[in-house]
Amino acid sequence: MKIVLTSEKCQGHGRCYSLAPDLFDADDLGNAVVLVTGDLDADQLERATLAAKNCPEYAIEIGA
Amino acid sequence: MDKTPVTDFATDFDHTDPAWVADPYPIMADLRERCPIAHSDRYGGMWVPVLHKDVQAIANDTEHFTSRTVVIGPGRPGELAPPAPIGVAPPISSDPPFHSIARRLLLPAFAPKPVQNLEGFTQDLCRSLLDAMGDADVVNASFDYAQHIPVGLIAKMVGLPPEDGDLFRGFVHDILEAVDLPGEERMERFQPVDEYLSKVIEDHMVNPKDDLTSFLLDAEILGNKLEPHHVFGTMVLLVVAGIDTTWSAIGSSIWHLAQHPDDLARLVAEPELLPTAIEEFLRAYAPVSMARLVKDDFEFEGCPMKKDDWILLGFPAANRDPAFFDRADEVLIDREENRHAAFGLGIHRCLGSNLARMEMTIALQEFITRFPKFELADPQAVTFSQGQVRGPRNLPIRILERA
């Protein structure tokens, strides 16, 4: 499973990089950047899912 | 101005009615059952969505709804509201495509890293406010604490003399809370703000500093310096939007903890839970409702909206919608899944959200470290602000234990 970020939906709420700073970072404007683009291990998957479930704009999905 | 008490919020809504100011949540719940978009002829005509899905749809629909005026005034905006896309206080009052240009200019100053650099300043400020309380049994967590934190931060970032705090706090009050005054009187109230900020700008033109005022004076859009009214409007925005909002969020969090000793004890014992708790306080006690104007006659969810009708875009109502949140009216400080809309939704997401969260985190951390047990000194004495920013104003707290 991988992180799929739809950047056009991201408005820079910053929930993902606060909850999972090893998986997401902020760019200079505060919008999300994905740090781990490959397959996630079990621990990463759990935190990526938490980040996705806290995004107010539904910009993050966890997909195959 | 009609100040008849509201008897039915579904058809005669007023966000300055004492019943709404005192406790809006049961009213929102009732409206969700019966409407779910309330209407009012007050303020020249207003619609009030209370479902998350409707708030989300309107926040994302810049084609039918304009942001050119985001604070509801005494009547239809008419000529008083400057035209889109720039508006009076860019970028909050701007529509696409200008909006993203004005916003992009400011975003880097409010991104996580520059905000992180202000943590030490914020911690020192909080500690000095707590020190100043001495060993008083009863302290005012609003007027002696929460209020001063965003004032200190905004003064530092914008480059205003810190000793002017009381002065510009007064301006903010006049702009945000005096919404039920006649138009001319509101314009008069704006005069001192105009004079004060014009002086700050003149001073920065002569003596540039490392702050946002000098940054704005120096900034360019497509090779041109910003129009003077853009610089001025953005400074108004920073001062107005950055103060009552965060003051309210810190105050509401302390107000909650003062009434929920279990939550307070748990946060003292498990400080790592604080970020999760803060998101829940933001959800449950979201301070800010924005406004939109209907661009042209348009039917939305069966409501016949007319050009220049107001929309009260209630993020607090969206955050309490049981169709969107489990146990929406309960405050669960360990709520893990929390897609709340306290900072808005869509392109106008609060520019200062990173700053606000940092201020809340440090303010609460310092307060509960210093005072691990406290309660409301007089629940009846607690008052709330009126208007589109909601939070406790008078907030006397009895200290039961101090570090």
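Here are legends for close-up views of this predicted model. Residues are numbered from 1 along each chain as its sequence is written, and chains are lettered from A in the order in which they are written. Because the model is predicted, local features need pLDDT of at least 70 and side-chain atom pairs count only at pLDDT 80 or more, while totals for chains, interfaces and linings use all residues.

**View 1. The largest nonpolar core has 112 residues.** Such a core is a set of buried Ala, Val, Leu, Ile, Met, Phe, Trp, Tyr and Cys residues joined through C-beta atoms within 7 Å; buried means that 20 or more other C-beta atoms, placed from the backbone, lie within 10 Å of the residue's own. Val239(B) and Ile254(B) have the most contacts inside this core. Its main contributor is helix 12 (residues 228–259) of chain B, with 17 residues; helices are DSSP runs (H or I) of at least four residues, numbered from the N terminus.

**View 2. Here we look at the surroundings of Val239(B).** Beyond its neighbours within four places in sequence, Val239(B) is in contact (C-beta atoms within 7 Å) with Ile154(B), Val158(B), Phe168(B) and Val172(B).

**View 3. Helix 8 (residues 148–158) and helix 16 (residues 353–370) of chain B come within 11 Å, axis to axis.** The axes, lines fitted to C-alpha atoms over the stretch in contact, cross at roughly 135°. Ile149(B), Pro150(B) and Leu153(B) of helix 8 of chain B meet Leu355(B), Glu359(B) and Ala363(B) of helix 16 of chain B.

**View 4. Chain B meets chain A through 20 residues of chain B and 15 residues of chain A.**

Definitions and conventions: A residue is buried if 20 or more other C-beta atoms lie within 10 Å of its own, exposed if 12 or fewer, and partly exposed in between; C-beta atoms are placed from the backbone. Helices (H or I, at least four residues) and strands (E, at least two) are DSSP runs, numbered from the N terminus. Two residues are in contact if their C-beta atoms, placed from the backbone, lie within 7 Å. Axes are lines fitted to C-alpha atoms, for helices over the stretch in contact, and angles run from 0 to 180 degrees between N-to-C directions.
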